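This briefing concerns a predicted model.

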Amino acid sequence: MAEYMLEVENLESGYGETQVLFGVSLKVERGTITALLGANGMGKSTTLWTIMGVIPAWGGRVIFKGVDITKLPTHERVSMGMALVPEGRRLWPELTVEENLYLATFVPRARERLRENLELVYSLFPRLRERRHQKAGTLSGGEQQMLAIARGLMLNPDLLMLDEPSLGLAPKLVQDIAKVLKRLNEEEGLTILLVEQNVHISLQIADYAYVIEAGRIRLHGPAKELAEKPEVKKAYLGL
Amino acid sequence: MRMLKRPGFIASIVLILIYLVIGIAGQEGHLLSIIGNAMDTMMYIGWALALAVIMSYAGYVSFGHAVFVGIGAWMTAVTIESIMPSHPFTISMFIVALLLGAGVAALVAYAVGWVVLRLRGAYFAIATIGLDYVVLYLAIYTLSRAGISPPLLFRNLSLTVQSFYWMHFTVFVITLLVVYYIKASRFGFGLAAIREDEEAAEVMGVDTFKYKLMAFTLSALIAGMWGVPLAFRHAKFDPQDVFSLLNSVIMIVENTVGGLGTFLGPIVGAYIYYGLYWSLLTKIAQASFVVLGPLIVIIIALVPEGLVGWLREKFPRLRKALE
């Protein structure tokens, strides 16, 4: 078994003519929470969409569980155990909470553990169980984010990637989400790649962190060490 | 079997029963004109539902969808004149034509879709118009090589109006059941996910290319079937007529007027279109399209979400019933 869940080597990509990533390299160790931090427009989301294969890689490699998946279509990556909770949630607002969860199981690996995972997400987010017959579009922002994470978990992933889960949420809710991620990591052994602007909360739960700037990794190290670095404190923690 | 208790399925069964009764009652001579209208409406619903699979469910507009109806008609000509040239009409002739028409239409769609469905957006729409013209001229060329100047009139099969009716009815039943099943299945939900947000669908593990290709192929298969009763009824294969862009536009109009994304939308749209067309045709004959065109523009401008979509929005309680 490969030591790393995910290895990204010199990844380049972009949209149309515009290059966004200029050789991003990062590694996510099994059973850890890794954070990818950076300000808006630095290429965080692009990194995730390229890892998922929704945006093709222009150069470099993506290795998942020891297998080079750079050329694989997205749904096959999902079948191998990758899941992305996209920014802005992108739920099916017309459908109920439970339908959102049930119907997200297009890949066989998700259907195999449908019942167990439904139980798991309801125990993680009791609010969702209470509101399971309510339309997703009528949920509050925090509940929608919970549902988006829950829907990602229904894919039965080995690696869960989250794009800005704290965006637009009140501090209390951000803490709740952080706790759930930590719990998933510790109790279920889930490997997590967290992309955030909220450096504070990320460094609090992550084991390792990368800082991206203009499509390049600028800094990386264990989260605790990074939190102590003067440049991180100054630029991202507002200290 | 939750699927069988849902309004779309119930509506299908009701429609099937109504047309069954019309077919039986229509044995009486004086009901012949109703039989004609009934055949027309079945066909227009069939066209609308065929296109709905790719346009309304998956969100990809096929602009030249008449090409598949035309292929069905062409294969009917091949069956009658080349494969079974000296047979009197039997059910097996209809079945051979149906299998051939649907099969060839599906194969063509699969091959074309395999190339153009990798591209997003307008390429697909344009490619299907191109396909329609390619097949039209291929048909004309093939006929002229055989020394026939189109249209190709079929030999006399001594068919009655009743036999045309049951051909339409057979294809109608298959269409309703197959399209409803597509809509209500996980596959149909995957198509809806693609229509709403293709990137999000991919991330949820939907094999978007395969889903779109299957939807286009099935959509063509159903349109191909509808070319068969059409050709039998008109007793000819007229390429300029069956491959006409007007037919493609009718299918799009039915879906748009009825409302995208629902099962009932295209059916309602077909009745509205046919109702307008028929009432205008009987009054002002050839000028009908001059009036019909602007009328449809007005309807779409007033209710851009389609009639069923509009009702769903206005009366949220009806949402469940208007699936």
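**A covered helix in chain A**

- In α1(A), the buried residues are K44(A), T46(A), T47(A), L48(A), W49(A), T50(A), I51(A) and M52(A).
- Helix α1 of chain A, spanning residues 44-52, is thus described as mostly covered, with eight of its nine residues buried.
- G53(A) follows α1(A) and has a positive phi, near 85 degrees.

**Helix packing in chain B**

- Two helices of chain B, α11 (residues 245-258) and α14 (residues 306-314), pack at an angle of about 10 degrees, and their axes lie 3 Å apart.
- Because angles under 35 degrees count as roughly parallel, α11(B) is roughly parallel to α14(B).
- The contact brings T256(B), V257(B) and G258(B) of α11(B) to G306(B), L307(B), V308(B) and G309(B) of α14(B).
- By class, the residues of this contact of α11(B) with α14(B) comprise three nonpolar, four polar and no charged.

**The largest pocket**

- The largest pocket holds about 1800 Å³ of space.
- It is lined by 39 residues, of which E94(A), L95(A), E99(A), R6(B) and K183(B) are the closest to its centre.
- Elements giving two or more residues to the lining are α3 (97-103) of chain A and, from chain B, α6 (161-184), α7 (186-196) and α14.
- With seven residues, α7(B) gives the most to the lining of the largest pocket.
- The lining residues of the largest pocket divide into 15 nonpolar, seven polar and 17 charged.

Technical notes. Residues numbered from 1 in each chain as written. Chains lettered and ligands numbered in written order. Predicted model: local features only at pLDDT ≥ 70, side-chain atom pairs only at ≥ 80, totals over all residues. Heavy atoms only, no water. Axes fitted to C-alpha atoms, helices over the stretch in contact; angles between N-to-C directions. Helix = DSSP H or I, 4+ residues; strand = E, 2+ residues; numbered from the N terminus. Parallel < 35°, antiparallel > 145°, perpendicular 65-115°, else oblique. Contact = heavy atoms within 4.5 Å. Nonpolar A, V, L, I, M, F, W, Y, C, P; charged D, E, K, R; others polar. 1 Å grid on protein atoms, 1.4 Å probe; cavity = no way out; pocket = protein on both sides within 12 Å on 5 of 7 lines; lining within 4 Å. Points joined across faces, edges and corners; volume = space filled by probe spheres on them. Buried < 20%, exposed > 50% of the residue type's maximum accessible area, 1.4 Å probe, protein only.
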